[in-house]
Amino acid sequence: MVMRRKIVAGNWKMNGSKDLSEKLVGYVRTEAGSLDNGVEVVIIPPAIYIRDVVGQAGGAVSVGVQNVGQWQSGAYTGEISSEMAKDSGCDYVLVGHSERRQIFGETDELVAEKVALVVASGLTAIVCVGETLEERESGSAESVVESQVRQGLSAVSGAWKNVVVAYEPVWAIGTGKTATAEDAQAMHASIRTVLKEMGAPAEEISLLYGGSVKADNAAALFAEPDIDGGLIGGASLVAEEFISICRYFP
Ligand code: G3P
């Protein structure tokens with residue numbers, strides 16, 4: 001039985017405040033200490049709150065950043081780098097979230113550039129992949145995801161221990177529609193096969209599912225053999241529900 005990191009990460013997106021950060025992280029920190037299922041809890045707030053969250057997390061919860069630029073420093077007003085994220089206490093960086101791809105036009109090539117910088121900084125890249133509804137309905141979901149995995153991870157250069165893949169079908173994000181546990185498992189198994197073909201230690205790479213994960217569907221998803229955790233949006237803003245999700249690991 002291969003031991004993979006079990007991770008539940010809360011992506012706050014552009015939500016939250018100093019007040020929420022104080023209350024939610026305080027609660028999650030206390031409850032995370034009593035989890036006995038080996039789950040690593042990660043909070044990914046808007047970058048401006050990272051220092052607050054790192055301070056409030058007190059090491060009991062890991063912290064991530066939602067995006068970094070494709071440079072480490074320089075005249076790029078408004079951008080932050082993976083080196084800065086590391087310097088501020090982050091362990092994780094989300095790369096290629098579908099909102100970045102769809103709203104900000106991020107391509108697989110850009111994702112690959114960012115992943116290379118993130119892993120070179122010694123942080124873990126949570127690389128997001130997932131098909132649209134149209135792609136699922138036309139039967140191309142697996143090939144779309146395969147291509148995102150192959151291209152997005154093309155510049156990892158052996159630093160596989162710094163890579164986590166999050167499968168987030170676009171049609172399930174913030175819609176209340178979740179992939180069935182069986183469909184999510186099938187896609188995760190296919191991603192693991194692709195990773196193997198790429199020469200990665202696929203059995204050691206954690207694969208997270210994201211897309212309308214809630215307290216009432218987490219248990220079924222997390223029971224699947226290739227689902228190693230979740231990337232949670234809306235439900236990560238409600239402290240009790242977020243912690244309930246963390247408890248649903250077998
Ligand atoms: O990154 C998390 C995500 O996109 C899923 O969001 O609100 O459907 O859980 P949500």
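User: Which residue with a positive phi follows helix 8?
Analyst: This is a predicted model. Helix 8 has 17 residues, and its first and last C-alpha atoms are 24 Å apart, close to the 24 Å expected at 1.5 Å a residue. After helix 8 comes a residue whose phi is near 90 degrees, and that residue is Gly199.

User: What covers the buried residues of helix 8?
Analyst: The buried residues of helix 8 include Ala181, Met187, Ile191 and Leu195, and also His188 and Arg192. Their cover includes strand 5, helix 6, helix 7, strand 6, strand 7 and helix 9.

User: Within what arc do the buried residues of helix 7 fall, seen down its axis?
Analyst: The buried residues of helix 7 are Ala141, Val144, Val145, Gln148, Val149 and Gly152. They line one face of the helix, because seen down the axis of helix 7 they fall within an arc of 130 degrees.

User: How far apart are the end C-alpha atoms of helix 7?
Analyst: Helix 7 runs over residues 141-152, which is 12 residues. At 1.5 Å a residue they should span 16 Å, and the distance between the end C-alpha atoms agrees: 16 Å.

User: Which helix gives the largest share of the lining of the largest pocket?
Analyst: The largest pocket has a volume of about 470 Å³. Its lining has 20 residues, with Lys13, Met14, Gln66, Asn67 and Arg100 nearest the centre. By class, the lining has 10 nonpolar, 6 polar and 4 charged residues. The largest share, 4 residues, comes from helix 4.

Notes
Residues numbered from 1 in each chain as written. Predicted model: local features only at pLDDT ≥ 70, side-chain atom pairs only at ≥ 80, totals over all residues. Heavy atoms only, no water. Helix = DSSP H or I, 4+ residues; strand = E, 2+ residues; numbered from the N terminus. Expected span 1.5 Å × (residues − 1). Buried < 20%, exposed > 50% of the residue type's maximum accessible area, 1.4 Å probe, protein only. Arc of directions from axis to C-beta. Contact = heavy atoms within 4.5 Å. 1 Å grid on protein atoms, 1.4 Å probe; cavity = no way out; pocket = protein on both sides within 12 Å on 5 of 7 lines; lining within 4 Å. Points joined across faces, edges and corners; volume = space filled by probe spheres on them. Nonpolar A, V, L, I, M, F, W, Y, C, P; charged D, E, K, R; others polar.
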